[in-house]
Amino acid sequence: MDVHLLVYDLSRGLAKQMSAGLLGFQLDAVYHTSIQLNGREYVYDGNIVSIIPGSSHLGRPMEEIYLGKTELPMEVIEEYLDSLREIYTIQTYDLWTHNCNNFSNDLATFLLGKGIPDYIINMPQTVLSSPMGQMLMPMLNQQIHANKRGGGILGIQQNTPGSTSKPKAQLHHHEGKVHNVTSLKELQSLLEKFQNSCAVVFFTSATCPPCKVLYPLYDQLAAEVKEKGVLIKVDVSAAFDVGSAYSVSATPTFVTFLKGKQENRWSGADRGALQGNVRLLVQMAWPAHVHQSLNLPTFSNPGTKPVLYTKVPPLEKLLAKMGSDAENPAVQGVKHFIEARSQDGPAEATLPDMAAFTTFVRQSIKNVPTDTLFTVVDLMRIGLVDPRFSGYLAEEVVHGTVTALLEHVNDLKECPYALRLVTLQMACNLFSSQLYADEVLSNDKLRTRLTQLFSASVLDDNHDNVRVAAASLLFNIALANSRKRQDGPGDVLPQDDQIELAASILEAIAQEESSGQALEGMLLALGYLAYQMPLDGELSDLLRTMDAGSSILEKKKAFPDMKLIDEVGSEMLGKGLNKF
C-alpha cells in the first residue's frame with residue numbers, strides 16, 4: 001500500500017505573507033499533516049480520526065508527499081493505531097510538543113521505518129524560539145484549551161461526514177469483518193486458518209438481489225462472531241473455480257464448517273435461518289468450558305496484563321558503563337526518548353531513530369564485551385516499555401535485532417548474571433505491544449529462541465531474580481495464547497511448545513523452595529498455559545500423567561499461605577481434569 005503525507009496550511013497562505021515581519025523569519029505555512037493509507041486519511045485531532053481523504057472542512061491539502069510503500073496488512077496497522085490511541089488523546093494534545101505532526105511522524109516511522117520531513121516536525125519549536133512566538137504562546141494555548149472542551153482541536157471529527165474514532169473500551173478488540181475472497185486458493189487458506197473453530201461461506205453473485213438484502217445482516221454477524229470464526233463471501237459470477245468446487249447452482253447458498261469439516265448447507269434468503277445457524281455454529285465451536293464453573297478468580301479476570309519491567313535506572317550511570325558508545329547519536333536518541341517519557345509522559349516522547357538504534361544493537365552484539373553488553377540490552381529494555389517502540393520491532397524484517405540478541409545470549413557458555421537478567425526482562429517487555437505478542441505466538445524461530453532462554457534460566461538455583469524473570473516471560477507467552485484460546489481463533493501456540501513449556505515449568509515448581517515470588521510466577525504461567533485448554537488434548541494428558549495437581553499441592557509445605565497453590569493445584573488441575 002502506498003503511504004502519503006497530506007500537508008495542509010492552517011493559515012491559508014497568511015504565514016507565507018506575514019511571517020517575516022511578525023516572526024523575523026520566513027515561515028511557508030502553519031503545517032497540519034495526516035497520513036493517507038488504504039483509501040483513508042488518519043489524523044490526530046484530539047483523538048485519532050479516520051476520514052475520507054480531503055473531506056474535512058480544511059479542504060484539499062496544499063501538498064501530497066509520497067513517503068513510500070508498506071507491505072504491512074491493515075489488521076497489523078490497526079493494532080498499532082490502537083497503541084497510538086492510548087497516547088494521542090484529547091488530554092495529551094499540546095500545540096507545541098504533541099500534535100498532529102508528531103502523530104504523522106510516529107505512524108510513518110512504523111509503516112516505513114522513516115518519519116516525515118524535519119522542517120514540519122520542527123516548526124513549533126522554530127516559532128517558539130522567536131520573541132513573537134513567545135508572546136503568542138499563552139493566547140494560543142488558551143484557545144487550544146477551549147477547543148479541548150468541545151472534544152476536538154480543529155473540529156475534524158465533529159464536522160466531517162463519515163469520520164470514525166475508536167472508543168477507548170474497544171481498543172485492542174477488533175470487530176470481525178466479512179472476508180471477500182476471489183479464488184479457491186484464498187478460500188482454502190482461510191478455512192485452514194480457522195480449522196480449529198468455525199467458518200461460514202456465503203456464495204453470492206452480482207445479479208442476485210436477495211443476496212444483497214442479506215449483506216447488512218451478514219456484516220453484523222461477522223462483527224458479533226469477532227475472532228471466534230470467520231465469515232466469508234464469494235461472488236461465484238467472478239470466482240468460477242470456487243462455485244464449481246462447491247457445486248453452487250443457485251444463490252444465495254451458505255456452507256458452514258465446524259472444526260475443519262463441513263457442518264451444514266442451505267440455500268435461500270431467510271434472515272432467521274442465517275442468523276440462527278451462524279449463532280448455533282459458534283456455540284458448537286465454543287462450548288462452555290468446565291473451568292468456567294470452577295473457583296478460578298485469578299484466571300477468569302479479563303483485565304490481566306503482561307508483566308513489564310518498567311524501572312528506569314540512572315541513565316547517566318548506565319551510559320557511563322558503555323564508554324565511548326554512549327555518545328553514539330542512536331544511543332542519545334533513545335536516552336532522550338526515555339527521559340521525556342519518564343518525566344513528562346508518553347505524549348511528550350517522540351519516537352527516536354529506530355533504524356539507527358537497531359543497527360547499533362546488532363553491531364554491539366558483535367563488538368561490545370560480554371560483561372558490558374547488558375548496558376545496551378537494558379537501554380533496549382526500557383525503550384520497549386513504550387508500545388510504539390515494541391510495535392516497530394514487532395514488524396522488523398525476520399526480527400533481526402531481537403533474534404540476534406537472543407541467539408547470542410543463548411549460545412554463551414557462561415552468560416553473566418546481569419546480561420541474562422536484563423535479556424529476560426527485555427523479552428518480557430516485548431509484550432507491551434499486542435503486535436509482538438502475536439509475533440511470538442506465530443513465529444517459530446523467534447519463539448524457539450525465547451523458549452531456550454526461558455528453559456536455561458528457570459532452573460537457575462543461584463539467582464531468585466532470574467527465576468522470577470523467566471517465570472514472567474512464560475506467563476506473558478501463556479497469557480497471550482490464553483486470550484486467543486478464549487476469544488478466538490483458538491490456540492496459536494503449537495501443542496509441542498505447550499507440552500515442552502509445561503514440563504519445564506513443572507520441574508521448576510517442584511524444585512522451588514526459597515522464593516515465593518518465583519513460585520507464584522511459575523504457578524501463574526502454568527495456570528494460564530492450562531486455563532480452558534482442550535481437556536482431550538495432549539497438554540491435558542501430560543498434566544494427568546505427571547499428576548501435576550498433586551505435585552503443586554506439595555508446595556503448601558514450604559509455602560503454606562500461598563492461595564494460588566490451591567487455585568491451580570486443587571481447582572484447575574484437580575477438579576478441572578477429573579471432571580472430563
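Is Arg-381 buried or exposed, and what is its relative accessible area? Arg-381 is buried, with a relative accessible area of 4%. Buried means under 20% relative accessible area, exposed means over 50%, and partly exposed lies in between (1.4 Å probe, protein chains only).

The model is predicted: local features need pLDDT of at least 70, side-chain atom pairs count only at pLDDT 80 or more, and totals for chains, interfaces and linings use all residues. Residues are numbered from 1 along each chain as its sequence is written, and side-chain values use heavy atoms, with hydrogens and water left out.

Arg-381 forms a salt bridge with Asp-378. The closest N and O atoms are 2.5 Å apart. A salt bridge is a side-chain nitrogen of Lys or Arg within 4 Å of a carboxyl oxygen of Asp or Glu. Asp-378 is buried, at a relative accessible area of 8%. Both residues lie in helix H15, 3 residues apart, about one turn of the helix. Helices (H or I, at least four residues) and strands (E, at least two) are DSSP runs, numbered from the N terminus.

Helix H15 (residues 373-383) also packs with helix H18 (residues 417-429): their axes come within 9 Å and cross at roughly 20°. Axes are lines fitted to C-alpha atoms, for helices over the stretch in contact, and angles run from 0 to 180 degrees between N-to-C directions. H15 is therefore roughly parallel to H18. Angles under 35 degrees count as roughly parallel, over 145 as roughly antiparallel, 65 to 115 as roughly perpendicular and the rest as oblique. Contact means heavy atoms within 4.5 Å. On the H15 side, the contact residues include Asp-378 and Arg-381. Those of H18 include Leu-419, Val-422 and Met-426. The contact residues divide into 8 nonpolar, 3 polar and 2 charged.

Further salt bridges were examined. The count comes to 24 salt bridges. Lys-484 and Asp-438 meet in one, at 3.3 Å, N to O. Lys-484 lies in helix H21 (residues 464-487) and Asp-438 in helix H19 (residues 434-442), so the pair ties together parts that are 46 residues apart in sequence. Lys-484 is buried at 14% relative accessible area, whereas Asp-438 is partly exposed at 24%.

Arg-467 forms a salt bridge with Asp-464, the closest N and O atoms being 2.6 Å apart. Both lie in H21, 3 residues apart, about one turn of the helix. Arg-467 is buried at 5%; Asp-464 is partly exposed at 33%. Salt bridges with shared partners also join Asp-106, Arg-341, Asp-386 and Arg-388 into one network.

Note on methods:
Ala, Val, Leu, Ile, Met, Phe, Trp, Tyr, Cys and Pro count as nonpolar, Asp, Glu, Lys and Arg as charged, and the others, Gly among them, as polar.
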